[in-house]
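Please set out a careful report on the local geometry, packing and contacts of the protein shown below. Give the cut-offs behind each term where the term comes up.

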Amino acid sequence: MPLVLLLIFPLLLALAGCGGSGSSSSPPTPPPTSGTPDTRADALLAEMTQAEKLQLVQGSGDSNMPRGGAGYIAGIQSLGIPALYYGDGSVGVANGIGPATALPSSIASAASWDTNEAAKYGTIIGSELADYGINVNLGGNINLTGREPRDGRTFETKGEDPILAGKITAAHLTAIQAQHVMAGIKHFAFNDQETGRFTANAIIDDRGGRESDLLAFEIGVKDSNVQSVMCAYNLTNSQYDCENSYLLNQVLKGDWNFPGFVMSDWGATHSTVNAALNGLDQEQPDQQYFSQLGTAISSNQVPQSRLDNMVHRILRAMFEVGIFDDPLTIQAIPAAADAAVAQEVEEQGAVLLKNSSSQLPLNGSTVQSIAVIGSHADIAVLSGGGSAQVQPIGGAAITGPKPCPPCWSTVIWDPSSPLNAIQAKAPNAKVQFADGSDASAAATLAASSQVAIVFVSQWASEGMDESSLSLTDLTSTTPINQDALVEAVAAANPHTIVVVESGGPILMPWLSQVNAVLEAWYPGQSGGPAIANLLFGVTNPSGKLPITFPASEAQLPRPVIPQPPDNVTPFAVNYTEGYNVGYKWYDVGGFTPLFYFGYGLSYTTFSITNAAIVNNLSSTTNPNFQVTFKLTNTGAVAGAEVAQVYLGLPASTNEPPKRLVGWQKVLLQPGGSQTVTIEVDQNDSSHPMSYWDTGTSSWQVASGTYTIYLGNSEAAASLTTVGTITEP
Ligand code: BGC
């Protein structure tokens, strides 16, 4: 090493945040600077003492976090191993680290159906974590809560389809790691309800799992190079997920060749020996069980090679994402630039669900009076709670009803005013606000206004499920009956528009009484201007539902959420629907939902013509085909359409009638058209044409006829049959 480097090396280590243990008197051994992540990890491992190895496989406790966040592992200064700082961040850097950009919910990002947009979303999370010096992200929630849309964490997820969820999540994770922040994917696996989340025992067969939740993880892992996987609190087939050899050793590290490491969810470890042998690599947030790992090794209950493998995986992950080579610089967040991205994501992900009589877009120069009602729309938009909760830049507009801090379980309203943004779009209109606490006062205001916009909201959080999909106001000690509010306003004004702020599906008993509905999800701290841009047509809505909205809870696989008998006894949650999650379940059962997966309106219209199957490379080893078509904007304004390709497998496979296999979002000017080609490649991580064959434990392509559908939602009426292909 040149002298100058030797002299500044201690300084570099300090900047890299090595901190922590290691003798400060002995000169530091520089970590290897060349080779692959694996060879560098092995070289470093060879230098480590047993105590140093054990240090890396367990968190330091969640009261010892120099940079805030959720966890910490001290670096090993004598070897140049940087400290690991763990921070939540599913929808922006989470509370407990510092103020950050509150992005729209992850489900809004999925509703954009746009991996480029998803990459921008991940970049904000990664870069803001980096600005706080947090080098490990606990995000990437990909649980398929479409199985249980009342799940309180649905807002953190990417919807119900494994391929859409997998691709959007992979785009988030790739973008986060490009910032030299280690991304994570969670909660592995089948963590699809919060009710009894520590003891829920998901019962599902191999094929059902491989083609649903596990497929989403498989795509997320393979397409992103994500380096950490968080195992979940629950059990799967009667084994706790963090000591589940099937999930961790067989599927993740075996079948998928995952080279990174598995960390436990916070407190999800249940044993020392079983967890170590069955695939857990790092206990978090503290040392309840892995504190005895050294003893378990010296008594030959766990081989030394297993500890070495855990440490190898952690170190190689750190090398892979640049934690050694590209130390983070703590600096201020570029709040204004990031807020603009948050607004763009919301404008791309909000879904226009109803627009009769062309109620929308509003004309800002002709509308004379607007009543804005409910959900604190004068000053705020709602956010989701739990460990994903962001402390918005500028501070929360409203908190409560529980005090904050601690903010984990309180309701936080992000500071963004739909009312002001609406007024700005219609400067000459009289725009007035009613808080909705008095339905008749709101109706009176609506009656004297040309247009009424009612904001309804459904708070959701980690640690609880929605008691029902009916609007329930948990945000106040004096809850508002929001369904009755909408009905009263709609009765008073025939031009009623509803804006929904929710983490997932809700029921809409008033749907036929209102002219327009915009699903805004939790819109993030630029939500006000984004919603106004959509309502006034500055941006043409182009989001599509990544999750089915049921017509009633009776349509769900489990109309009543399975309940735990107590806090300790595992209880079965039977996923008898198997791989028929979301729209597949509705298709198989013949249910008509309130709104179909893939559905969303625009202010323009589109046509699809000349659809054909091309390059059908039919073969048993690499079937592969393309769908080509001409997409035309047949309306008067620019807009983007998401063309969706679904595939029906041969009846012999016993698959649901169709599955999403490809899509493309295309922006077109009025009258404009584009020839679009969507490729469906069996070599893709999504195994688009396959079923999981339990006998051979492999993906197989069945002989027979495959039907290809094309359209703009999964509803049969929105699809045309492009043709069929036959596999030998
Ligand atoms: C959550 C995780 C989170 C962790 C650390 C757990 O309660 O389930 O998603 O990353 O806490 O905050």
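## A loop residue and its contacts

At 48% relative accessibility, T696 counts as partly exposed, a class that lies between buried (under 20% relative accessible area) and exposed (over 50%), computed with a 1.4 Å probe on the protein chains only. The model is a predicted one, in which local features need pLDDT of at least 70 and side-chain atom pairs count only at pLDDT 80 or more, while totals for chains, interfaces and linings use all residues. Residues are numbered from 1 along each chain as its sequence is written, and side-chain values use heavy atoms, with hydrogens and water left out.

T696 sits in the loop between β25 (691–693) and β26 (698–700), where helices (H or I, at least four residues) and strands (E, at least two) are DSSP runs numbered from the N terminus. Its side chain makes a polar contact with the side chain of D693 at 2.6 Å, and another with the side chain of S698 at 2.7 Å. A polar contact is a pair of N or O atoms within 3.5 Å; within protein, one must be able to donate a hydrogen and the other to accept it, and residues adjacent in sequence count only if both atoms are side-chain atoms.

## The ligand site

K186 is also among the residues that come nearest to the ligand, together with D88, H187, D265 and E462, out of 13 residues around it; a residue is near a molecule if one of its heavy atoms lies within 4 Å of it.

Taken alone the ligand exposes 310 Å², and the protein buries 92% of that, with accessible areas from the Shrake-Rupley method and a 1.4 Å probe; for residues, only the protein chains shown count as cover.

## An enclosed strand

How many residues of strand β17 (residues 496–502) are buried? Seven of the seven are, so the strand is largely enclosed by the rest of the structure. In a regular strand the side chains alternate between the two faces of the sheet. Both faces of β17 are covered, with T496, V498, V500 and S502 buried on one side and I497, V499 and E501 buried on the other.

Strand β16 (residues 451–458) pairs with β17 in the parallel sense over seven bridges, and within this pairing V499 is the bridge partner of F455; two strands pair if DSSP finds at least two bridges between them. Strand β18 (residues 516–519) also runs parallel to β17, joined to it by four bridges, with E519 as the bridge partner of V500. Together with helix α16 (residues 482–492), β16 and β17 make a right-handed β-α-β unit; right-handed means that, with the strands pointing away from the viewer, the path from the first strand over the helix to the second runs clockwise.

## Backbone exceptions

Most residues other than glycine have a negative phi, and most peptide bonds are trans. A cis peptide bond, with omega about 0 degrees, joins F188 and A189, and A189 is found in the loop between β4 (184–188) and β5 (200–203). Another cis peptide bond joins L360 and P361, again with omega about 0 degrees, and P361 is found in the loop between β10 (351–355) and β11 (369–373).

S375, which is not a glycine, has a positive phi of about 50 degrees and lies in the loop between β11 and β12 (380–382); at 9% relative accessibility, S375 counts as buried. W521 has a positive phi near 55 degrees in the loop between β18 and α17 (527–535), and W521 is buried, with a relative accessible area of 0%.

## Aromatic pairs

The structure holds 17 aromatic pairs, counted for rings of Phe, Tyr and Trp (its six-membered ring) whose centres lie within 6.5 Å, with planes under 30 degrees apart taken as stacked, over 60 as edge-to-face and the rest as tilted. The rings of W113 and W663 have centres 5.6 Å apart and planes at 80 degrees, so this pair is edge-to-face.
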